[in-house]
Amino acid sequence: MSERRFPPVTEVGMLSLALIVAGGIYLSAHLPQHVPLGPAIALLITSAVLMVINLLSLTRVPGFAWQRFADVAKWALLAYVITAGLIEYSFLQNHLRGGALVVLTLSLVVYAVHVPVLIGFTVARYADE
Amino acid sequence: MAAADVTAGPAEAPPHGPPAVPDFEIVPRKGLIPVALTFIALIVIIALDKLWSLEFLHVVFGSAWTILDLFLGFALGPILGSLSVPARIEMTTKLLPKMVLIMPTIVTVTLAAGWQLGNVLGTVQSSYPNHGWIVASYIVVGIMAVVALGLLEPANIGVLVELKKPRPNPVVIEKLMKRFIYTAAVTGVMQIATFVIMTKVATG
């Protein structure tokens with residue numbers, strides 16, 4: 001199989017996920033004490049930027065199978081929004097509030113969007129083979 | 001796993017013809033019912049905030065997660081690799097659609113119920129004496145999550161979509177199945193660390 005060249009979407013996606021996981025661990029490890037949000041915000045922003053870079057890099061791939069990508073990613077998005085919602089519900093039930101809740105919620109948004117992107121990309125990259 | 005000729009076997013396919021792949025659903029619709037019921041139970045049990053029911057959910061689903069990872073990575077994976085080509089195709093089209101539903105469900109329930117349980121027991125508080133072990137469990141779960149979400153789950157879906165094509169590409173299937181089995185093995189090894197941490201936390 002002569003494989004087409006693609007940007008390192010999976011690798012960048014894993015790095016992005018690792019960063020929000022690290023931010024979540026940092027915040028969770030300090031509960032219920034007040035914890036400086038700076039490191040967690042920095043990790044979240046870097047993770048979100050990597051997600052945007054991933055999507056932009058896909059737009060630069062000639063002939064990328066966007067239809068196949070969308071067919072798969074939209075259902076994956078639905079599934080991961082539900083799981084993210086359940087985790088968010090658990091946070092809210094435990095009276096997590098303030099900046100930590102905002103950071104963790106946005107981290108869940110990155111998770112719920114980036115994982116479907118990775119699934120859609122894995123399918124779409126082989127769409128024409 | 002040597003899945004290189006998963007679609008290229010002579011037993012049920014004419015030479016150079018499309019492989020014989022049984023009909024299957026990538027996401028089994030009937031399976032969505034127990035998944036929905038499980039999530040409803042999770043919501044109710046978290047809202048009730050009772051120790052036994054939270055412990056039940058966390059232990060049962062956490063055990064299922066651990067056992068599945070170990071079984072897939074170290075038992076079923078090597079078996080799949082040694083099956084005949086038609087048997088391998090049949091096994092793949094029956095197993096992987098179920099995994100699409102089972103794995104995200106047990107992971108979500110384990111983590112959400114575990115977080116709530118940790119709040120009830122006080123183990124997630126930084127004042128808890130074994131807090132270092134709890135943080136270690138976050139790290140182990142975090143690594144498993146990144147591997148599973150970034151590699152395993154996309155490979156699972158990718159294999160199924162490829163097998164749905166009129167002419168599945170055996171090289172693509174081999175590549176993605178290898179990724180699926182190897183990452184299952186990695187998370188299986190990480191689950192051994194989970195055993196150590198959770199038994200340590202449970203015994204104080």
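This is a predicted model: local features need pLDDT of at least 70, side-chain atom pairs count only at pLDDT 80 or more; totals for chains, interfaces and linings use all residues.
- From the N terminus on, the elements of chain A read α-α-α-α.
- The C-alpha trace of chain A spans about 55 × 25 × 20 Å along its principal axes, while the trace of chain B spans about 65 × 30 × 20 Å along its own.
- In chain A, 40% of the 129 residues are buried; in chain B, the buried residues make up 42% of 204.
- Take the contacts in chain A between residues at least 6 apart in sequence: 85% of them join residues at least 24 apart.
- For chain B, residues 24 or more positions apart account for 85% of the contacts with a separation of 6 or more.

**Where chain A meets chain B**

- The two chains meet through 30 residues of chain A, which are in contact with 33 residues of chain B.
- On the side of chain A that touches chain B, helix H1 (9-30), helix H3 (66-93) and helix H4 (98-124) of chain A each supply at least two residues.
- H1(A) provides the largest share of that side, with 10 residues.
- By residue type, this side of chain A divides into 19 nonpolar, 10 polar and 1 charged.

**The nonpolar cores**

- The largest nonpolar core holds 64 residues, and those with the most contacts inside it are Ile20(A), Val72(A), Tyr111(A), Ile119(A), Val159(B) and Phe180(B).
- Elements giving two or more residues to this core are H1, helix H2 (38-59), H3 and H4 of chain A, along with helix H3 (85-121), helix H4 (131-164) and helix H5 (170-203) of chain B.
- H4(B) contributes the most to this core, at 15 residues.
- What does Ile20(A) touch, leaving aside its neighbours within four places in sequence? Ile20(A) is in contact with Leu43(A), Leu44(A), Ser47(A), Ser107(A), Val110(A) and Tyr111(A).
- There is also a second, separate core of 17 residues, and among its members are Phe61(B), Ile106(B), Ala113(B) and Leu117(B).
- As general background, nonpolar side chains tend to be buried together in soluble globular proteins.

**A closer look at H3(A)**

- At 1.5 Å a residue, the 28 residues of H3(A) should span 40 Å, and the end C-alpha atoms of this helix are 39 Å apart, so the two values agree.
- Buried positions in H3(A) are Phe69(A), Val72(A), Ala73(A), Ala76(A), Ala79(A), Tyr80(A), Thr83(A), Ala84(A) and Ser90(A).
- The cover over these buried residues includes H4 of chain A together with helix H1 (32-48), H3 and H4 of chain B.
- Val72(A) is buried in H3(A), and Val72(A) is also listed with the residues that have the most contacts inside the largest core.
- Just after H3(A), His95(A) adopts a positive phi of about 60°.

**A closer look at H5(B)**

- H5(B) has 34 residues, and the distance from its first C-alpha to its last is 49 Å, close to the 50 Å expected at 1.5 Å a residue.
- Following H5(B) comes Gly204(B), with a positive phi near 80°.

Technical notes: Residues are numbered from 1 along each chain as its sequence is written. Chains are lettered from A and ligands numbered from 1 in the order in which they are written. Two residues are in contact if their C-beta atoms, placed from the backbone, lie within 7 Å. Helices (H or I, at least four residues) and strands (E, at least two) are DSSP runs, numbered from the N terminus. Ala, Val, Leu, Ile, Met, Phe, Trp, Tyr, Cys and Pro count as nonpolar, Asp, Glu, Lys and Arg as charged, and the others, Gly among them, as polar. A nonpolar core is a set of buried Ala, Val, Leu, Ile, Met, Phe, Trp, Tyr and Cys residues joined through C-beta atoms within 7 Å. A residue is buried if 20 or more other C-beta atoms lie within 10 Å of its own, exposed if 12 or fewer, and partly exposed in between; C-beta atoms are placed from the backbone. The expected span of a helix is 1.5 Å times one less than its number of residues.
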